[in-house]
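Please look over the sequence and the model shown here before working through the exercises.

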Amino acid sequence: MKSYRFVSTEARVRPGSGDLRALLAGGRMKKNKASTSRRSEIQNIYQCYSSGRNTLAACALLRFLHMEQMEAAANQETAEGLIDRYEIEETARENRTMTFEGFYRYMESKDCSVFDQKHTSVYQDMDQPLCHYFISSSHNTYLIGDQLVGKSTLDAYVSALRRGCRCLEIDCWDGPSTEPIVYHGHTLTSKILFKDVIATVEQHAFEVSPYPVILSLENHCTPTQQDVMAQYLTSILGEKLLATSLDLTNQPGQLPSPNELKYKILIKNKKLSPQSETDDEEDEEEEPNLKTKHHSKLKRSGKKKRKKAAVVAESLSKLVVYTKSVKFHSFNHAREHQQYYENSSLGEKKAHKLVKTSAPDFVRHNMAFITRIYPAGSRTLSSNYNPQGFWNVGSQLVALNFQSLGLPMDLNNGRFQDNGGCGYVLKPLFLRVNQWGFNPNSYRHNLKPAHLLLKVISGSNLPVPRSGKALDPFVRVEIHSVQSDSCRRHTDTVRHNCDPRWDSAMNFTISVPDLSLIRFTVRDQTGLTSEFIGQYTIPFISMKKDS
């Protein structure tokens, strides 16, 4: 059985807890002899394989790699490479041996991470149509707070892009002096200029990923200011803006791939039909139906009242190529009328209902078309829904409020750290090809199950609660997947210990491993309840497997 150290820059910790990126099985420690001396479990392993000697020979290290880390492909060159990488004592390096400090340094490294390091780079097929990928997506990207009085900032766009987000939302409204503005309409959120948003996107779009960025416009502007928007998109984005169709003669009637759209920015908006000056679609997102904390009434249209047809400026319409927004009527209607370059947006409540009642149809729909899911208007505090159920039916743009910590964003960060963190993760084959008739709501799946046996060994330097009381930590392991696989188990609680030793083995059978996320949380038992300390989430397919 492998001994894992869980390491991730996307691990989330309790505010004020300091740097707690390594949570389990040999977690983060201060790098000095006083701290390493407390790690008896690592010392025991070292002494066992060094046969009581002061240093660990390369051949003994290789035996450890085979027996404990299950790295069957490791050879003498592998072991000596680890010595060169982690041993700093010159005599030991010359003798091709490793001191305990070097061994401990190795045990703290990414080479011992549960995350398969091959997945830290793009390794998936990036030549499939866009609809075959999960795409990291943000809702109301401009906000850093709540949906009613929160602040709109350019930094929010920078932050989302640097976290691998590939679909950004921009709420556009008429501004003074014919300058379109961005804010959450009919609320007290602050306003920023549309042109500044576009300039920010142009500067940061491809810092961490070369794959396409989709600008999802929620467009409330008059035609005059839409013309201004089109001018800014064209002049500021320049060659990065995809304004015309690609020459894809070998794949007609199919969306281009991430590779074909590298370093391109796509505009997602309504588009004029031939010989039409208006678009007959309703606005996509519902507006908030609450009072502010100052009891000011928020203007809104009646929820059941049909909104006026949107007027789309021809200049802006021409910039919409592969991501035309259309209203969703039904899966049957989509099969008969929807074009491959058209996509629809669904509020979480309607989408949840479709997942519950028509999951197989939803899966088939998402094989051919892009679907965006967005949070309910009632989530005025910028809370999030659980995205897993929408990934289970293959929805590509599952938009979340990136500014809000919690389980949903933990799952999102876990999902998209795969494939090099590029923001595009290839959907499993059964969500791309209608061969299996996949139904995530079923309790029987014609897929090869996986067996996960793991051992939660220990933690170190866990943060002391603000109350100053001793910590009573335990680890909860959660499987987030289809309904039949979703479950949780936990270790025993270790009383009054910030350096706990659990040695707890857990066994899971996972019927749909390609969709599953494993979430590890460390919690402090506080009577009948527990408090969050830290977490790490990883796709099952990105866990190191026994060689």
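The exercises below move from the whole chain to single residues and pairs.

This is a predicted model, in which local features need pLDDT of at least 70 and side-chain atom pairs count only at pLDDT 80 or more, while totals for chains, interfaces and linings use all residues. Residues are numbered from 1 along each chain as its sequence is written, and side-chain values use heavy atoms, with hydrogens and water left out.

**Exercise 1. Describe the protein as a whole.**

Start with the secondary structure: the protein has 14 helices and 23 strands, where helices (H or I, at least four residues) and strands (E, at least two) are DSSP runs numbered from the N terminus. Next, take burial, where buried means under 20% relative accessible area, exposed over 50% and partly exposed in between, with a 1.4 Å probe and protein chains only. Of the 547 residues, 56% are buried. Then turn to contacts, meaning heavy atoms within 4.5 Å: among those with a separation of 6 or more, 71% join residues 24 or more positions apart.

**Exercise 2. Find out how many disulfides the structure holds, and examine Cys 165.**

A disulfide is counted here when two cysteine sulfur atoms lie within 2.5 Å, and the structure holds zero of them. For Cys 165, the closest cysteine sulfur is that of Cys 167, at 6.6 Å, which is too far for a bond. The accessibilities of two cysteines can then be set side by side: Cys 165 is buried, at a relative accessible area of 0%, whereas Cys 48 is exposed, at 53%.

**Exercise 3. Work out where the buried residues of helix α8 lie around its axis.**

First list them: in α8, which covers residues 194-204, the buried residues are Phe 194, Val 197, Ile 198, Thr 200, Val 201 and His 204. Then view α8 down its axis, taking the arc from the directions that run from the helix axis to the C-beta atoms. The buried residues fall within an arc of 160°, so they line one face of the helix.

**Exercise 4. Trace the salt bridges, beginning with the total and ending with a network.**

Using the rule that a side-chain nitrogen of Lys or Arg must be within 4 Å of a carboxyl oxygen of Asp or Glu, the structure holds 20 salt bridges.

1. Asp 84 and Arg 96 pair through their side chains at 3.0 Å, N to O. The pair links distant parts of the chain, since Asp 84 is in helix α4 (residues 76-86) and Arg 96 is in the loop between α5 (90-94) and β3 (97-98), twelve residues apart. Asp 84 is partly exposed at 37% relative accessibility, and Arg 96 is also partly exposed, at 24%.

2. Asp 410 and Arg 519 form a salt bridge at 2.9 Å, N to O. Asp 410 lies in helix α14 (residues 407-416) and Arg 519 in strand β22 (residues 517-526), so the pair ties together parts that are 109 residues apart in sequence. Both Asp 410 and Arg 519 are buried.

3. Arg 501 and Asp 503 form a salt bridge whose closest N and O atoms are 2.9 Å apart. Arg 501 is partly exposed at 38% relative accessible area, and Asp 503 is partly exposed at 33%. These residues belong to a salt-bridge network that links Glu 41, Lys 455, Arg 501 and Asp 503.
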